[in-house]
Amino acid sequence: MPHEGGARPVAPGASHFGDESSRQDAAHLGMWIFIATEVLLFAVLFTAYAFYRLTYPEVFQQGPAHMDVFLGTLNTFVLVSSSILVALAVDAVRGGKEFVSAALLALTVVMGIAFLSIKAAEYAKHVRDGALPGAWYAYEAFAAPGANLYFTLYWVMTGVHAVHVLVGVGVLVTLMLRTLSGELGARFHTPLELGGMYWHLVDVVWLFLWPLLYLA
Amino acid sequence: MAPSHDEGAPLGPSYLDAERGLWSWLTTHDHKRIGVMFLAVLLLMFLLGGVFALALRVELLTPGETVMGRLAYNRAFTVHGVVMVWLFLIPSIPASFGNFLLPLMLGARDVAFPRLNLASFYLYVLGAVMTLWGIFQGGVDTGWTFYTPYSTATGRDLLPVLVGVFVVGFSTILTGINFITTVHTMRAPGITWMKVPLFVWALYGTSIIQVLATPVLGMVLVLVALERVAGAGLFDPARGGDPLLYQHLFWFYSHPAVYIMVLPGMGVISETVCAFSRKRPFSYRVIVWSTVGIAFVGFLTWGHHMFVSGQSTFGAGAFSLLSMLVAIFTAMKIFTWLGTLYRGSLWVSTPFAYVLGFIFLLFFGGMSGVAVAVTSADLHWHDTYFVVAHFHFIMVGASLMAFLAALHYWFPKMWGRRYPEGMGIGTAVLIIFGFIATFLPQFLLGNQGMPRRYADYPESFQPLHVASTAGASLLGFGFVIVAIYLGWSLRYGSVAGRNPWGSEGYEWLSDSPPPEFNFHAPPIFPRPPHEYGPPRADGEVDHAA
Ligand code: HEM
Ligand SMILES: [Cu+2]
């Protein structure tokens, strides 16, 4: 006779799963892990950067001289202030000020688009110079061996980052609409918090790219 | 065995009957149904990879061209490797049995993010379709490792495959996030960390590796894709890049990935060893901490794939030592399983047969790993069939044995039916024997200098190749039998009852098959998992098979 492991023990009326606070904990934890994976994604690019910086030290020191430091720095300001706006938006929605929150999100979106426009202007200049990645590299003012790798990394790193900004803008727009429609408010705002975390991540990554590529 | 008694009739419809129709499956958020769908697709992938494996073995039956040319051979081993590693082994146990069982074992209704779970399934399917389409239309011939500079120089169209594997990786990451979050936030009251079932611990360790390593792989694939599209030059010496950087980044993922494949298997074994020796684990804590240890050290060993790449002596020595550390953790695990078996009331059943196969193959494969981790020995064996045999022993021998053990152990749980036990045990013996016959000769071949990835070889190697092909045929035959009797049992097997193995695992507290939300009422867990009573004094076995 197989052993049935006793009767089924059951806690009457206990409901640990599915209540709102445990769902929020889960959402936050999930987002933190996701952010960790994003960091690791960029870690590959930073590794490659370190590797080639060791291989071509002079090139990577001269590289930033061929960048538009003003535009890069301007973009840093844009992104950092947008990050502050998002934090304010989260605070506002927690306090029940849905409309203020949506307005702040709208401003953030504008900043995000400004960032992308400035980036596009920079890219256009690189294209005119011929400072393109890899096989297409034809920038005569900076022709040392390894210079193409510097620019390849520049394009990949800022490009992957720009894709994240673009996704972030999309996320923020949806959050703004959901706040305006009354779906997010003082009682339920987890998605907005998560979206805010994502935007901070995008900001923090840029804070590493900026010194490595523009200042060095 | 007669259907066992349950306390009364089931209280509600099972997850299989809760809703009907194909659409209800394709849109389900139920982790059990998602697990079953994963299982179905994974088995399909295994079939595909297996067919190509047999094709390779047929080509190697005789020296010279047997059934395919050299280019065709290169493409065939690429299909085999890509399908087996990326599309079958890496997702296998976590995506199928992990999805099905993890919430059940934690007394939860579902995973933390059910919709994300379904998204993960569709991402996997999308990635798999893209990968397969890419391989077949592009005639990819790089092998599963996509080594540069060959992968950036070959005339084959690699892009869809890179994107496909990237998408599959994304699915893996989502599953990992889901599992970690579930373990942290969805444990039923009473399940403290030290009461988490061992299979869940293994899945937890696996998920951490998945979440930490897969993004690295994803980015590397993006870089290789860029290299092909834009001539990015990062891995191309002609443009100042370095192909070795690719290998570092690739193995930084892929070595931990081998533990993604084997850790869940170790979890399965920890569960089944307890169930079939009717004893509590020899040391729960050692099993848990060695799981964590493997997950951690697995990240520090990638350099042993590059001993012959001109690595510094110091680097090689360090990687060699760190690799041995993994072997120590693995040995601790083997020790705990043997300790659990020792003086247990062993129940020789089909899952148990696979458990024994697993322990033997893991031990043998692990020892061969230690052998190749010795730098001087690896100079001799690198890129020969010795390595092929090593990783097949571990990846196929151990992971696949565990997969089969899981398939048989949880079959009654998933379907509420049993399969013919005699058939099961007989086939298990056949499969284990076929496996050894296939891969043992490859150690000898490698030692004599047969290089991997060659379609041709000198006359003198033929006997060993014939033995290997014969073993592979037995293996293939064994799988066909498994498919037949399990398929038959789905419909005609005897009804299993709630807990046909008399297991103490938490998942068996629910009905078999479980109801839609796992438990009719939230369960409480007053005892640790795997809490089998003390062995009876008369040595009588507390079960009947
Ligand atoms: C436990 C699970 C393990 C799995 C799944 C596994 C899997 C693999 C795979 C897939 C390869 C070959 C990859 C390729 O080039 O295609 C490999 C190679 C290697 N493994 Fe393992 N392995 C395991 C354990 C170990 C252990 C414990 C050690 C060392 C103590 C080890 C040492 C090595 C070495 C040194 C190589 C490279 C040999 C060469 O390419 O010359 N492995 N392993
Ligand atoms: Cu390795």
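Mentor: We shall take the iron atom, then its ligand, then another chain.
This is a predicted model, in which local features need pLDDT of at least 70, side-chain atom pairs count only at pLDDT 80 or more, and totals for chains, interfaces and linings use all residues. Residues are numbered from 1 along each chain as its sequence is written, chains are lettered from A and ligands numbered from 1 in the order in which they are written, and side-chain values use heavy atoms, with hydrogens and water left out.

Trainee: Which protein donor does the iron atom of ligand 1 have?

Mentor: A single one, NE2 of H390(B), 2.3 Å away. Donors are N, O and S atoms within 2.8 Å of the metal (3.2 Å for Na, K and Ca); water is not among the atoms, so sites may look incomplete. H390(B) belongs to helix α14 (residues 385-409) of chain B; helices are DSSP runs of H or I, at least four residues, numbered from the N terminus.

Trainee: And how far is the copper ion from the iron atom?

Mentor: The copper ion, ligand 2, is 4.4 Å from the iron atom of ligand 1.

Trainee: What gives the most to the shell around ligand 1?

Mentor: α14(B), with 5 residues. The residues around ligand 1 number 21, each with a heavy atom within 4 Å of it.

Trainee: Which side chain has an N or O atom 2.6 Å from an oxygen atom of ligand 1?

Mentor: That of D378(B). For H382(B), a polar side-chain atom is 2.7 Å from an oxygen atom of ligand 1.

Trainee: Changing topic, what is the make-up of residues 73-93 of chain A?

Mentor: That span is 100% helix and 0% strand, with its end C-alpha atoms 31 Å apart; strands are DSSP runs of E, at least two residues.

Terms used. Polar contact = N/O pair within 3.5 Å; in protein donor to acceptor, adjacent residues only side chain to side chain.
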